[in-house]
Amino acid sequence: MLKSQQRKVRHMIEQLQNSRMVIQERDRVIKELEEKVAFLEAENREMHDQMDYFLGGQRSYSHLSSERNPQIVYSKPIKPSTTSNKPLPFIKVIEIRS
């Protein structure tokens, strides 16, 4: 009877360890997806900036309504928290002149 209980306890411990591994793997996948979303949002903002530049500022700046002539004063590549081979978009700081 004692051996049976020990087997049950061992089996429960294995199940717990397997559940922890599954949770860790899911957390890793979630983190990767969050990084992809951040990358795509930054890429989207960069494309909007490029469209605004190529259209000569003809589009309205709904996100920066008080802005007259924005100038990019600083660009820096984003550094990923994990290693990957994907090129990342630039972070742009826009100077607003009043």
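Student: How many aromatic pairs does the count come to?
Tutor: The count comes to 1 aromatic pair. Rings of Phe, Tyr and Trp (its six-membered ring) pair if their centres lie within 6.5 Å; planes under 30 degrees apart count as stacked, over 60 as edge-to-face and the rest as tilted.

Student: Which rings are they, and why is the pair called edge-to-face?
Tutor: They belong to Tyr-53 and Phe-54: the centres are 5.4 Å apart and the planes sit at 70°, so the pair is edge-to-face.

Student: Are Tyr-53 and Phe-54 buried or exposed?
Tutor: Tyr-53 is exposed at 64% relative accessibility, and Phe-54 is exposed as well, at 65%. Buried means under 20% relative accessible area, exposed over 50%, and partly exposed in between (1.4 Å probe, protein chains only).

Student: Before I go on, what kind of model is this, and what gets counted?
Tutor: It's a predicted model: local features need pLDDT of at least 70, side-chain atom pairs count only at pLDDT 80 or more, and totals for chains, interfaces and linings use all residues. Residues are numbered from 1 along each chain as its sequence is written, and side-chain values use heavy atoms, with hydrogens and water left out.

Student: Where is confidence highest, and where is it lowest?
Tutor: Helix 1 is highest, at a mean of 92, and strand 1 (residues 71-77) is lowest, at 52. pLDDT is the predictor's confidence in each residue, from 0 to 100. The protein chain averages 76, with 57% of the residues scoring at least 70. Where pLDDT is low, the predicted coordinates should not be read in detail.

Student: OK, what's the order of elements in the protein chain?
Tutor: From the N terminus they run α-β-β, which is 1 helix and 2 strands. Helices (H or I, at least four residues) and strands (E, at least two) are DSSP runs, numbered from the N terminus.

Student: How far does helix 1 reach?
Tutor: Helix 1 covers residues 2-54, 53 residues in total, and spans 78 Å from its first C-alpha to its last. That is close to the 78 Å expected at 1.5 Å a residue; the expected span is 1.5 Å times one less than the number of residues. Helix 1 is followed by Gly-56, which has a positive phi near 70°.

Student: Which residues are buried in helix 1?
Tutor: Phe-39, Ala-42, Glu-46 and Asp-52. Across the protein chain, 7% of the 98 residues count as buried.

Student: Switching to charges: how many salt bridges are there in the whole structure?
Tutor: A search finds 2. A salt bridge here is a side-chain nitrogen of Lys or Arg within 4 Å of a carboxyl oxygen of Asp or Glu. Arg-28 pairs with Glu-25, the closest N and O atoms being 2.3 Å apart. Arg-28 also meets Glu-32, at 2.4 Å from N to O. Through shared partners, Glu-25, Arg-28 and Glu-32 are joined into one network.

Student: How are Arg-28 and Glu-25, and Arg-28 and Glu-32, separated in helix 1?
Tutor: Arg-28 and Glu-25 are 3 residues apart, so about one helical turn separates them. Arg-28 and Glu-32 are 4 residues apart, again about one helical turn. Arg-28 is partly exposed at 38%, as is Glu-25 at 38%, and Glu-32 is partly exposed at 35%.
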